[in-house]
Amino acid sequence: MFFYLTKKISIPNNVKLKCVSWNKEQGFIACGGEDGLLKVLKLETQTDDAKLRGLAAPSNLSMNQTLEGHNGSVQVVTWNEQYQKLTTSDENGLIIVWMLYKGSWYEEMINNRNKSVVRSMSWNADGQKICIVYEDGAVIVGSVDGNRIWGKDLKGIQLSHVTWSADSKVLLFGMANGEIHIYDNQGNFIMKMKLSCLVNVTGAISIAGIHWYHGTEGYVEPDCPCLAVCFDNGRCQIMRHENDQNPVLIDTGMYVVGIQWNHMGSVLAVAGFQKAAAQDKDVNIVQFYTPFGEHLGTLKVPGKEISALSWEGGGLKIALAVDSFIYFANIRPNYKWSYCSNTVVYAYTRPDRPEHCVVFWDTKNNEKHVKYVKGLISITTCGDFCILATKADENHPQFVLVLCNSIGTPLDPKYIDIVPLFVAMTKTHVIAASKEAFYTWQYRVAKKLTALEINQITRSRKEGRERIYHVDDTPSGSMDGVLDYSKAIQGTRDPICAITASDKILIVGRESGTIQRYSLPNVGLIQKYSLNCRGYQLSLNCNSSRLAIIDISGVLTFFDLDARVTDSTGQQVVGELLKLERRDVWDMKWAKDNPDLFAMMEKTRMYVFRNLDPEDPEHPNKDYLINFEIRSLRDSRALIEKVGIKDASQFIEDNPHPRLWRLLAEAALQKLDLYTAEQAFVRCKDYQGIKFVKRLGKLLSESMKQAEVVGYFGRFEEAERTYLEMDRRDLAIGLRLKLGDWFRVLQLLKTGSGDADDSLMEQANNAIGDYFADRQKWLNAVQYYVQGRNQERLAECYYMLEDYEGLENLAVSLPENHKLLPEIAQMFVRVGMCEQAVTAFLKCNQPKAAVDTCVHLNQWNKAVELAQNHSMKEIGSLLARYASHLLEKNKTLDAIELYRKANYFFDAAKLMFKIADEEAKKGSKPLRVKKLYVLSALLIEQYHEQMKNAQRGKVKGKSSEATSALAGLLEEEVLSTTDRFTDNAWRGAEAYHFFILAQRQLYEGYVDTALKTALHLKDYEDIIPPVEIYSLLALCACASRAFGTCSKAFIKLKSLETLSSEQKQQYEDLALEIFTKHTSKDNRKPELDSLMEGGEGKLPTCVATGSPITEYQFWMCSVCKHGVLAQEISHYSFCPLCHSPVA
């Protein structure tokens, strides 16, 4: 960053200023001072010269209004930019709100408490509320229309500062004693702010400034510090939010009077003064810092005492109130930009995105390519390529160097473990440096190099493409450089401050002024030079003989690297500091083809130097990109125009340069002087130009020659017109073909006819389709691809337009086994259109791909059907593989659904039984467990039905081979499975059905029926825990006064090994209490005995009542094959056990 003073405005009568504030939106500057002084100024660019723009344009006062109303010293001025209001306050406590009306400022509202003085005022982010704090602790929050929202007196507290948070939910109050208290927007105290910057500070301190950037222009990076608090002793902390426990700490080493963020929160300006080293008086300075505490530079300001500062809305100027003057300084930020291959690469931040927006602007074709890059650090270019240095991740210490081409396509990323603070790039190498070490990477791109360049880098390619060196090492150029990042951790007393490189050498500058010169491509330390300045920017000329150094103060000097001179001690040394020195320089650039020619930017002017002598200063004359012609080029052009080619040729002979010879060649071509043109092309080594002149010499027609020359100079419309006048439409078409202007080719083709035109017409239509497709205008592209019969690109366009109907029609129109069908099928697969994808795969005779598609899209029924129709046997293994994948992810229900859809009912049932068993062991609700067992049994029934159909098919002999094989596999699996899943599929459902039924009957008061139902549970001890069964049985028996059965249940409970001794004792105590009152005998013993026996041969049980079925006629469910008493079934619409409809 570079800054310099540009303008000074004097206040009349030497009235001392107290405050200044710059309206960011409208550009008004308000300044207040002693004796009620209040002025509103406005700087505007006033020039008729369109060449002068931005900071280079002169600015004059377009408004200079004195506002009358204050009597005391004006101490606070603050803008409400959203509503164009100015709020001011003086030492008497008088507050005035000013409004703009017809180009002048007038009083709108006045308020005066007459009790205390206003110390600070702050509008919130949307301009709806203002918070005013008085010295005596009074706080008032009002609306923009003048209404009071709330007020509060903070007893015993002296206030000095106030600011709002970005969301207007938090208020920060600065106290006179240096404390900062956090309140909500209703005035309720939350907590005191932790001030880490004041640790170990003693003595009285006061707050110099609090500024909270509201994020209106976006942030430098996500979670960027934005709340700055600074104290008069120079201590400062920058926080991410009001409760940040790890703020950025800065010791400015000065007495601070004020701070302010620029418009986008990327630079914090701190104004104040410090003691001069050799003088007794104070020196006014402004320090600039990043949000992360990095010092950007210092601006010295003349005058006795600085009192306030304020940024301009674009962040390119700053206003400083000093004594009775306002000084203005221009700011040159460190923009992230560079230039390669006719492309300007630049980056900026947007409020709606956390990443940097990187734009690759092709200035030749005026095309832009936009990329969004996280954690961008810098942009460096060379030739046709650029390097984007970025942070790998917010939580990871690695960094990435991304090699891109001129349209932003990433070619090769490299992850490194050092911070790329400084990056340089040559045709073959990228060099990135931290403060302690530098990393070299020999990158490779698909580009032809000259034989000399190949010879230079072949050796290093054998030895490795990446190296790292510590700045204190002395590499010899051999194999001593390896990729060892432990070197980067080692510290150094003299850190790196700048680097630059050419194809031959690498220059590393250090903070002490030492310059280290290394050879490339094999890195070896050749020479060390000592300078008396700390370099900020280094640059080598085209033959690596001179080094330009811009130091941190903006002084440009030059160093001859190879000169041998005698120093003051009489010793011969290598390297000489040249005499040229320029101040206030913020950038410079060497010419690529002349080692003595360079351009430099000094404040707002650009100078071109040749051999250290300046030419006339130039001002930019285009909007954004400027090409300058040096004096000799201008003189040669004037000679050709005014004197003639012959005299101009002599002048160029005396002042030779390839560009001048090219100028002569072009002038000779214009006049069809082919001999002079050829000689000039030879002198500037333009082989293509020589070939062009030779070709012109073979043409007989003068008009043909003239047309070719016109085309050579880019006047294509004129050349085409000439061809058409000669009735040579073919040459006009050929010209447009060379230019790639397919739109014009199509127009020309439509004006004539011919056999060759049809193929060319198709080619033109396809090329125009490509043009629209490259710009993602798919609808336009479709029209031309249809005319060009380009089915491949047509399919791509339909896919990008999501016109799947058009894509399907295209697939139908294609012949069988067409090479495009598999690609179209894959497009359908990607969007989940299974049926269309299968149709396309089958049309190109790829049934396996069709089955894989069905499997991928979970259409297992279709997959099985296809496998059967095409005699494929691998569907079972695919199904098992996918099911195991689901089971690994604990998606058991998905696996069950998968098996069920594929008609693998037995596998589905096994998994469902497993879930039911697990739920039963967990003690889930009995109804849920019953449902799971019913689902399992239903799957088994479906399996039985499938087996019957398979066997039936075998008997009839109509089954396909795939079905028979599948049935055989299932039969084998059945044989190896326990009977529980097949013969006793309904046991689990029965157990929990009777368990629930017995409890329902018991709670409804049917105790005898409940006892009968509970007795059935004795057969299900393997499913329901015995303690549950016999506890329920004892309860039902006791309620039914069948104390014999109850006694047996208690005996069983006491014998259970799963119970603890304490639980057994409780059962024993309960039994003792029951059977001391009742005899352990049953009243209906024969009936109960028959139920108690259980086992084989017992009567079927009614699933509705739990009673035995003794009648010959009863209802049986067609699904679960369980019976219900005939008189009971009339009360049910569904089977009580499996819930299937009653027929």
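Guide: The protein chain contains 32 helices and 54 strands; helices (H or I, at least four residues) and strands (E, at least two) are DSSP runs, numbered from the N terminus. This is a predicted model, in which local features need pLDDT of at least 70, side-chain atom pairs count only at pLDDT 80 or more, and totals for chains, interfaces and linings use all residues. Residues are numbered from 1 along each chain as its sequence is written, and side-chain values use heavy atoms, with hydrogens and water left out.

Visitor: What percentage of the residues in the protein chain is buried?

Guide: Buried means under 20% relative accessible area, exposed means over 50%, and partly exposed is in between (1.4 Å probe, protein chains only). Of the 1143 residues in the protein chain, the buried share is 48%.

Visitor: Among contacts between residues at least 6 apart in sequence, what percentage joins residues at least 24 apart?

Guide: Contact means heavy atoms within 4.5 Å. Among the protein chain's contacts between residues at least 6 apart in sequence, the share that joins residues at least 24 apart is 44%.

Visitor: Are α5 and α6 roughly parallel or roughly antiparallel?

Guide: Axes are lines fitted to C-alpha atoms, for helices over the stretch in contact, and angles run from 0 to 180 degrees between N-to-C directions. Angles under 35 degrees count as roughly parallel, over 145 as roughly antiparallel, 65 to 115 as roughly perpendicular and the rest as oblique. Helix α5 (residues 658–670) and helix α6 (residues 674–683) have axes 8 Å apart and pack at an angle of about 160°. The relation of α5 to α6 is therefore roughly antiparallel.

Visitor: How many nonpolar residues does the contact of α5 with α6 have?

Guide: Trp661, Leu664, Ala665, Ala668 and Leu669 of α5 meet Leu674, Thr676, Ala677, Ala680, Phe681 and Arg683 of α6. Ala, Val, Leu, Ile, Met, Phe, Trp, Tyr, Cys and Pro count as nonpolar, Asp, Glu, Lys and Arg as charged, and the others, Gly among them, as polar. By class, the contact of α5 with α6 has one polar residue, one charged residue and, for nonpolar residues, nine.

Visitor: How many charged residues does the contact of α9 with α10 have?

Guide: Helix α9 (residues 716–725) and helix α10 (residues 729–739) pack at an angle of about 155°, and their axes are 7 Å apart. Phe716, Glu717, Ala719, Glu720, Tyr723 and Leu724 of α9 make the contact with Arg729, Leu731, Ala732, Leu735, Arg736 and Leu739 of α10. Sorted by class, this contact has eight nonpolar residues and no polar ones, and its charged residues number four.

Visitor: Is the crossing of α13 and α14 left-handed or right-handed?

Guide: Helix α13 (residues 778–788) and helix α14 (residues 791–801) have axes that come within 9 Å and cross at roughly 155°, and the two are therefore roughly antiparallel. A crossing is left-handed if the near helix is turned anticlockwise from the far one by less than a right angle, and right-handed if clockwise. The crossing of α13 and α14 is left-handed.

Visitor: Which helices do the buried residues of α28 pack against?

Guide: Helix α28 (residues 1026–1039) has 14 residues and reaches 20 Å from its first C-alpha to its last, close to the 20 Å expected at 1.5 Å a residue; the expected span is 1.5 Å times one less than the number of residues. Its buried residues are Ile1029, Tyr1030, Leu1032, Leu1033, Ala1034, Cys1036 and Ala1037. These buried residues pack against α26 (987–1003), α27 (1007–1016) and α29 (1043–1055).

Visitor: What is the phi of Asn342?

Guide: Asn342 lies in the loop between β29 (337–340) and β30 (343–349). With a relative accessibility of 36%, Asn342 counts as partly exposed. Although Asn342 is not a glycine, its phi is positive, at about 65°.

Visitor: What is the relative accessible area of Lys603?

Guide: Lys603 is in the loop between β50 (597–602) and β51 (605–610). Lys603 is not a glycine, yet has a positive phi of about 55°. Lys603 is partly exposed, and its relative accessible area is 31%.

Visitor: What distance separates the C-alpha atoms of Gly314 and Gly27?

Guide: Gly314 has its place in the loop between β26 (306–311) and β27 (317–322). Gly314 counts as partly exposed at 37% relative accessibility. Gly314 and Gly27 are 287 residues apart along the chain, and their C-alpha atoms are separated by 9.7 Å.
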